[in-house]
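Let's take a friendly walk through a protein model, one feature at a time. Have the sequence and the 3D view open as you read.

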Amino acid sequence: MLTKVYAAALQGIDAQIVTIEVNCTQGIQFFMVGLPDAAVKESHQRIISALSHNGLKFPRRKVVVNLAPADIKKEGSAYDLPIAIGLLAANEELKSDKFKDYLIMGELSLDGSILPIKGALPIAIMAKQEGYKGFILPKQNAPEAAVVDGLEVYGVENIIEVVSYFKEECELQQTVIDAQTEFYDKQQIFDIDFEDVKGQENVKRAFEVAAAGGHNLIMVGPPGSGKSMLAKRIPTILPPLTLDEALETTKIHSVAGRTGDTGALITRRPFRSPHHTISGVALVGGGTYPQPGEISLAHNGVLFLDELPEFSRSVLEVMRQPLEDRKITISRAKNTVEYPAGIMLVASMNPCPCGYYNHPTKECICSEGAVTRYLNRISGPLLDRIDIQIEVIPVEFEKLSSTAKGESSAVIRERVMRAREIQTRRFADTSGVYCNAQMSSRHLNKWALPDKDSIAMLKVAMERFNLSARAYDRILKVARTIADLEGSEEVKSYHIQEAITYRNLDRSNWGI
């Protein structure tokens, strides 16, 4: 008897329907076709054990399992459950007309219990788009899939539950999630806050500007000056995720199997901080069957690279294109996938190998030229994509011992959100531009054109500090953001003046 059961395959962060066709005829052989990988082929033994343990019979006949379409690689163990249900139906142990209405996914353990899968959210979204009534999947993944409205989601723990449901011997418990309520309830919860930061007012101001305009930022300072502590607090002042952004972010983490304890939906902007020993593939994604890397897991959030010069130069160079295009395309011989990579890059570094160049109290012991060589570990094209370069000085004891609290993240966030609202209106008719950091030269000429006083100030600054030509556009972008924070329609000379102070690391005037 020929039976069809429906599952799905992941392609990047999207899913595609896979039809599992099972045919039982006379004979004793078992065949699985349709481009399955090793994990899918191994389902044969898992299914035999799971069925036997639960008093069900594996067909002692010739069985052909086809995973269609046959030209798409089927990966992983998530096909165990639909194949098992298809086998029982083809062997006439299950008779139901419900199969066509449901998508079924799940890994089987040897005792028939059902283990979690990757990519539940994109599969659920696709199931709704394709008109399926429901989605049967592991119970652990049910809250993630249930955020999709208009789709019945049933979380199951054992294959017997699924068999009994299709035999109409019991009903499954539908998982219902109020996505909007869960989203907005958890959105404002943070364990850290900028009010705990003592001193560093100029650095906090630079962070506010960076968050308001979506600018990449690098901090330069000695060990213990608070660079990592400050960076971890950036998500607390970024605008809250929209529901669409939260869904997109959760899809990426779901495909990577990284949803963890976040519940049904990721409600806060991601903060990823990979170690400097990371490989290029782990950073931007890839592998034989391409998976998202850290730059995609940080999509709609912050990618923090601590001790930037310690990263392999080849690893840093692969970030250049994703930083510009806000996406990463991974091509292999058999397939090409595209992952989003719209991040705010935040980096930190010591000013020199010993860490104490320009320190107010400790002497630098580096040899002549060591500071410049240390900075040269970061290529010019990558540094060119970092708008704000700020020096972090250790906090004085008087401020460090003070019990007074600084300005809270909530207050800073309000100003950042007002500035972002201005930019949203400004770029409403401009495709692909969402914040000031993404402006081109044409946009700068339209929205950040300096007046005569500002041009004179820029000329003096570029000559006095020997700023490079690439610094010019960066200064104008940052000045536009500073003006937005103030609510000013025009970029004025003091906006330019503040923006110039955020070019501390320009190669021509640093380390000499």
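## Charges over rings

Arginine 426 lies over the face of phenylalanine 427, 5.8 Å from the ring centre. In the same way, arginine 268 sits over the face of phenylalanine 190, at 5.6 Å from the ring centre. A charge sits over a ring if NZ of Lys or CZ of Arg is within 6 Å of the ring centre and within 35 degrees of the ring normal.

A word on the source: this is a predicted model, where local features need pLDDT of at least 70 and side-chain atom pairs count only at pLDDT 80 or more, while totals for chains, interfaces and linings use all residues. Residues are numbered from 1 along each chain as its sequence is written, and side-chain values use heavy atoms, with hydrogens and water left out.

## Rings in pairs

How many aromatic pairs does the structure hold? There are 11 aromatic pairs. Rings of Phe, Tyr and Trp (its six-membered ring) pair if their centres lie within 6.5 Å; planes under 30 degrees apart count as stacked, over 60 as edge-to-face and the rest as tilted. Tyrosine 102 and phenylalanine 166 form an edge-to-face pair, 6.2 Å centre to centre with 85° between the planes. Tyrosine 102 is in strand β5 (residues 102–104) and phenylalanine 166 in helix α6 (residues 159–166), so this pair ties together parts 64 residues apart in sequence. Helices (H or I, at least four residues) and strands (E, at least two) are DSSP runs, numbered from the N terminus.

Tyrosine 102 counts as buried at 1% relative accessibility, and phenylalanine 166 is buried with a relative accessible area of 1%. Here buried means under 20% relative accessible area, exposed over 50%, and partly exposed in between (1.4 Å probe, protein chains only). Ring pairs also link Phe99, Tyr102, Tyr154, Tyr165 and Phe166 into a cluster.

## Nonpolar cores

The largest nonpolar core has 73 residues, and those with the most contacts inside it are Ile85, Leu103, Ile136 and Phe166. Helix α3 (residues 80–90) gives the largest share of this core, eight residues. A second, separate core of 48 residues includes Ala210, Ala212, Leu217 and Ile234. A nonpolar core is a set of buried Ala, Val, Leu, Ile, Met, Phe, Trp, Tyr and Cys residues joined through side-chain atoms within 4.5 Å.

Leaving aside neighbours within four places in sequence, leucine 103 is in contact (heavy atoms within 4.5 Å) with residues including Tyr6, Ile17, Met126 and Phe135.

Most residues other than glycine have a negative phi, and most peptide bonds are trans. Which residues does a cis peptide bond join? They are alanine 68 and proline 69, with omega about 5°. Proline 69 is in the loop between β4 (62–68) and α3.

Leucine 35 is not a glycine, yet has a positive phi of about 65°. Its loop runs between β3 (30–33) and α1 (38–41). Is leucine 35 buried or partly exposed? At 38% relative accessibility, leucine 35 counts as partly exposed. Asparagine 300 is not a glycine either, and has a positive phi of about 70°. Asparagine 300 lies in the loop between α12 (294–297) and β12 (302–305), and is buried, with a relative accessible area of 9%.
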